[in-house]
Amino acid sequence: MNHLLLTGVEVRGVILRHAIGVFGIALFSCSWKLWTPQVDFPQVPVLGLLVDAPLWLDWIALSAVVMGLVGMAGLPQKQTGWIWWATTVFVVGLSVSILLDQHRLQPWAYQLLILSVFCLTMGPNRLLVCSRWLLVSIYLFSALSKFDYQFAHTIGYQIADALGQLAGMNVEWDADSKWASGVSMAGFELITAILLAIPIKWFRWAGIFFAIALHIGLLLALGPFGLNHYPPVLIWNLFFVLQVILLFLFDADFRGENRQVFATPNRQQTLSAMVGVGVFWFAMLFPLTSYVGIADQWISWELYSPRSSRLYLSVDSRELEIAVPQMDWQQRSGVDWNQWSLDTLGVPVYPQARFQIGCGIAVVQKLPPRSTFVFEVGTLSDRWGGERVTAESGSDRSAPPRRLEDLAEKYWLNVQPRGHFVLPTK
């Protein structure tokens, strides 16, 4: 097909595919170490059978990711066969990478994976409609997660304070004003989701304005003149701005297009299209299971929400320096998983106790003999009061705590770390 004769819908589908490639290259470049078989932070596979997976498998998966992204970003639309192969290579490579380490299931990587499956299995109309509703669901679930005590009293008021400082305001933050800032941010994002979901021109225009304002605010607050967060957060927010413009700006009424997604599959549909629609419904509905403790926080689009379950591991700083010499543990009485991940890999830590228990097992196995430590496993915090229920235990290095192994048995997915972090490096 001549590229010049592509319809408006087809052009936007092509642009979306290029954008996935370009922003994917930027995001993976800023977090490159996470995707290598590094020894600076524990790796915990999704499945137990991958605990002893060879390190070369990580390199092959990363190579596939890079080649796929380059193809998606640079191949012209007339090269349909090569585009299909590039997208397939990216989806397979990223899936293998995530299976080898749960930490790699960053929310932006998860969204790129879903969008790439859409590109691989759908025509241009369905691609845009499904991508549009995926974006609305992200705003919706993200907003609902922010009606939370922990968010309001940590990152919520910090974002509001950073924006106030940039505007020359100096706010005195008491408990009530912190709660108000959290509710206001959550409400703003919820209104954005609702406006974008209503297939009426003026509602959509208002939703576009709210969404762009939301991301500009986050870029200012989290950027170098605000809280100075790490580059992947900023790049992902820029990608959201492009998605909002690309998916919503050029249409006023989507009711006709929506019917083809919500209609019952018929015999004429190909297997590929049915797989794509199945992935769409999984991405839309699976986050609901987080409310009964099934779905993880990030794949439920609970973004910037610190209420997740977690592991607290308290160890003497001198013993930590022996076990993990790449970090400065002075004046610390325990492991700060998030700061450790940010300092070594440039990304926040995967916010689940399951993953962090695996990291704790890896650290305990590297402690000197007779080292003493205490660990606590904290549940999800209470949404309205912020309290957590914790289970505490302690032991020494010569007799690793059985409780960690007992806790591992209650999870469906693996909690054992990969062995190459524990083994001494040469």
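Here are some notes on this predicted model, taken point by point.

1. A word on the ground rules. Local features in this predicted model need pLDDT of at least 70, side-chain atom pairs count only at pLDDT 80 or more, and totals for chains, interfaces and linings use all residues. Residues are numbered from 1 along each chain as its sequence is written, and side-chain values use heavy atoms, with hydrogens and water left out.

2. The overall picture. The protein chain has 16 helices and three strands; helices (H or I, at least four residues) and strands (E, at least two) are DSSP runs, numbered from the N terminus. Of its 426 residues, 52% are buried, where buried means under 20% relative accessible area, exposed over 50%, and partly exposed in between (1.4 Å probe, protein chains only). Contact means heavy atoms within 4.5 Å; among contacts between residues at least 6 apart in sequence, 74% join residues at least 24 apart.

3. The core. The largest nonpolar core holds 99 residues, and Phe28, Leu94, Phe118, Tyr139, Leu313, Trp337 and Trp340 touch the most other members. Helix α5 (residues 124-145) gives this core its largest share, 11 residues. Such a core is a set of buried Ala, Val, Leu, Ile, Met, Phe, Trp, Tyr and Cys residues joined through side-chain atoms within 4.5 Å. Beyond its neighbours within four places in sequence, Leu94 contacts Phe28, Trp35, Val65, Ala109 and Leu113.

4. His103 is worth a look. You will find His103 in the loop between α3 (80-100) and α4 (107-121), and it counts as buried because its relative accessible area is 0%. Not counting residues up to four places away in sequence, His103 touches several residues, including Leu34, Phe41, Tyr350 and Phe355. Its side chain also reaches the backbone oxygen of Pro348 at 3.3 Å. His103 and Gln356 are 253 residues apart in sequence, yet their C-alpha atoms are 9.6 Å apart in space.

5. Now Asp40, in the loop between α1 (8-30) and α2 (56-74). Asp40 is buried, with a relative accessible area of 17%. Its side chain makes a polar contact (a pair of N or O atoms within 3.5 Å; within protein, one must be able to donate a hydrogen and the other to accept it, and residues adjacent in sequence count only if both atoms are side-chain atoms) with the side chain of Lys33, at 2.3 Å.

6. Salt bridges. With a side-chain nitrogen of Lys or Arg within 4 Å of a carboxyl oxygen of Asp or Glu as the rule, the count comes to seven. Lys146 pairs with Glu189, the closest N and O atoms being 3.1 Å apart; Lys146 sits in the loop between α5 and α6 (149-166) and Glu189 in helix α7 (residues 175-197), 43 residues apart. Both Lys146 and Glu189 are buried. Asp148 forms a salt bridge with Arg307, at 3.3 Å between the closest N and O atoms. Asp148 lies in the loop between α5 and α6 and Arg307 in the loop between α11 and β1, so this pair ties together parts that are 159 residues apart in sequence. Asp148 and Arg307 are both buried.

7. One more pair. Asp316 and Arg318 meet in a salt bridge (3.0 Å, N to O). Here Asp316 is partly exposed at 31% relative accessibility, whereas Arg318 is exposed at 63%.
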